[in-house]
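Open the structure in your viewer and keep the selection tool at hand. The stops below go from a helix pair to an interface and then to a salt bridge.

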Amino acid sequence: MTQGLLELGEVLLASSRRRLETVSRNVANATTTGYKSEIDFEQLQSAEASTDARSNLDIGPLRQTDGRFDFAIAGDGFFQVRAGEQLLYTRAGAFHRDTEGRLADAAGALLQAIDGGDLFVAADAEVSADGVVSERGVPIARIGVFTPHEDATLARVSGIYFQTDAALPVENAQIRPGMLEGANVALASEMLDMMTAIRGAEIGARVVQTYDTLIGQTISTFTRRQG
Amino acid sequence: MNGALEISGVGLVTQQQALDAIAGNIANINTPGFKRAEVSFSDVMARQADPMNPRTDLARAPLFSSVNAHVSIALDDQGIIESTGHQLDLAIEGRGFIELLGPRGEILLWRGGRLSIQEDGTLASADGMALRAMINVPTDAREIAVGADGSVRAIRADADAPVDLGRIGLVAIGSADDVERLDGGLYRVREDARVQDLTPDQDGAGAFVHGAIERSNVDLNAEMVRLMIVQRAYSANAQIVQAADQLMAIANGLRR
C-alpha cells in the first residue's frame with residue numbers, strides 16, 4: 001500500500017510540472033499571431049475528442065494592422081504554406097515579400113495559391129476579400145484556404161503550424177487583408193491552470209512526506225522493540 | 001530541468017523586445033519621416049513533433065525554442081504630409097526614397113525632410129549628406145523649387161526666369177526587410193538587397209511635395225493599446241516564472 005502512496009505523490013508532482021509547462025507555452029505565446037493554445041491532455045480525457053486533442057482550434061481575435069500582406073481568415077480553414085518540401089497549415093497570416101517576390105512568413109515558409117505553387121506578387125499587389133491577388137487591377141492568383149478532410153487528422157507541428165494528409169480547399173473562404181488573427185490564449189484560464197498546478201504539486205509533496213513519516217515511524221518502532 | 005521556467009523566461013525577453021519597439025515609436029512620434037517599428041511574434045516556444053510521424057507524443061517531443069520577435073519597419077504606411085512653407089523642406093508622397101551619399105561614400109536612403117546647401121553649393125540633407133543626384137545650387141540663387149517629378153529649379157538673383165539645376169530621383173526597395181534603420185530617418189540597404197529606380201509614371205512611385213514635411217506614421221492610441229497588451233503579457237510571464245520557482249521549492253522541500 002505504502003509503495004502506491006509514493007507513486008501517487010510522484011504522479012501528482014510530475015503532472016503538475018507538465019501542466020505548468022503547457023501553461024508557460026500558452027502564456028509565452030499570448031501575443032503570437034495565429035497561435036493555437038495547447039490543452040493539457042488530462043483535462044481532455046472526459047471531454048469530447050476533437051480532431052487534435054491537444055490543440056484548441058478556436059478562432060483568435062482579429063485585429064487591424066493595415067499591413068499590405070497581412071491576412072486573417074474569417075471563418076474556418078487554414079493557409080497552406082510550404083516549408084522546404086513539407087506542406088503545413090497555419091492561421092498565422094503575417095507575410096512579407098521575400099527577395100524573390102514570393103510571400104513568406106517570418107520563418108520563411110511560403111504561402112501557396114489555391115491551385116498549388118508559391119505565390120509571386122509585385123510590391124504593390126492588392127488582395128481582395130475572396131483572396132484574389134491583383135496587380136494593377138489584373139487578377140493573377142488566388143490565396144488558398146484549406147480545411148482537413150473530415151477523415152484526416154490534424155497534427156500539431158508547433159504552436160502555429162499543423163499538418164494533415166488530406167486537405168480540401170474551402171469554398172467561398174473569406175480573407176481579411178490588413179488584419180491578423182491573434183493567439184486564442186485566455187490569460188485568465190491559464191492563470192487558473194497555473195494555480196491548480198501549484199496546488200497539485202503541494203498535494204503531491206504532502207503525500208510523499210506522509211509516506212516518509214509513516215516509513216520513519218515504522219523503522220523507529222521496530223528499532224525500539226529490538227533494543 | 002524546469003521547462004516552464006525556461007519558456008516563460010524567453011517569453012519575458014520577447015515581450016521586452018516589443019516594449020523597446022513601442023518605446024522607440026513613442027519617442028519618435030514627432031520625428032519627421034519616421035516609420036514605426038512593428039513587432040510580430042511567431043511561435044515563441046512550442047513542442048515540435050516529428051514531421052515523419054505525426055502521432056508522436058508532444059509532451060515528450062523536443063522543445064522547439066526559436067525566439068521569433070520579428071521587428072519590421074512599417075515603411076509602406078504613409079505619414080501625413082504637413083505643409084511648412086519652408087522652401088528647403090521636401091516630402092515624398094508614395095513609397096520611394098531619396099538616395100544620399102553617406103560619409104564613407106555608401107548609398108543611404110532618406111524619406112525626405114529638411115534640405116541644406118553645403119558650402120560648395122551641393123544640395124544635401126540637413127546633417128550634411130549630399131544627394132546622390134549631386135545638384136549644385138548657385139551661390140546667388142534666391143529661390144529654389146522642387147517639382148513633383150523631382151526637377152530642381154532656382155531663380156538667380158539677377159534673373160526672373162528659373163534655371164534647371166537637375167533632377168532628384170526616387171528609388172524603391174523590394175520589402176521593408178531589405179533595409180536597416182539608422183538614426184535621423186535614414187535607412188541602409190542590406191548587402192544582398194537591391195534598390196530599383198522609379199520612374200514618375202510607375203505605380204506608387206510617389207511624388208515630391210515641396211515645402212512640406214512627412215510626419216511620423218506613429219499612432220499614439222494604437223501604441224498605447226499595444227503597450228497595455230505587452231505589459232499584461234509580460235506580467236503573466238512573470239507570474240509563470242514565480243510559479244515555476246514555487247514548484248522547484250516544493251520539490252526541494254520534499255526531504256525535510
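Each stop says what to select and what is there.

This is a predicted model, in which local features need pLDDT of at least 70 and side-chain atom pairs pLDDT 80 or more, while totals for chains, interfaces and linings use all residues. Residues are numbered from 1 along each chain as its sequence is written, chains are lettered from A and ligands numbered from 1 in the order written, and side-chain values use heavy atoms, without hydrogens and water.

Select residues 3-27 and 220-252 of chain B, which are helix 1 and helix 2 (DSSP runs of H or I, at least four residues, numbered from the N terminus). Their axes come within 9 Å and cross at roughly 160 degrees (lines fitted to C-alpha atoms over the stretch in contact, with angles from 0 to 180 degrees between N-to-C directions). Helix 1 and helix 2 of chain B are therefore roughly antiparallel (over 145 degrees).

Next, show chain A with chain B: 47 residues of chain B are in contact with 46 residues of chain A (heavy atoms within 4.5 Å). Across this interface the rule finds zero salt bridges (a side-chain nitrogen of Lys or Arg within 4 Å of a carboxyl oxygen of Asp or Glu).

Finally, select A:Arg25 and A:Glu38, which form a salt bridge with the closest N and O atoms 2.8 Å apart. A:Arg25 lies in helix 1 of chain A, and A:Glu38 in the loop between helix 1 and helix 2 of chain A.

Notes. Helices (H or I, at least four residues) and strands (E, at least two) are DSSP runs, numbered from the N terminus. Angles under 35 degrees count as roughly parallel, over 145 as roughly antiparallel, 65 to 115 as roughly perpendicular and the rest as oblique.
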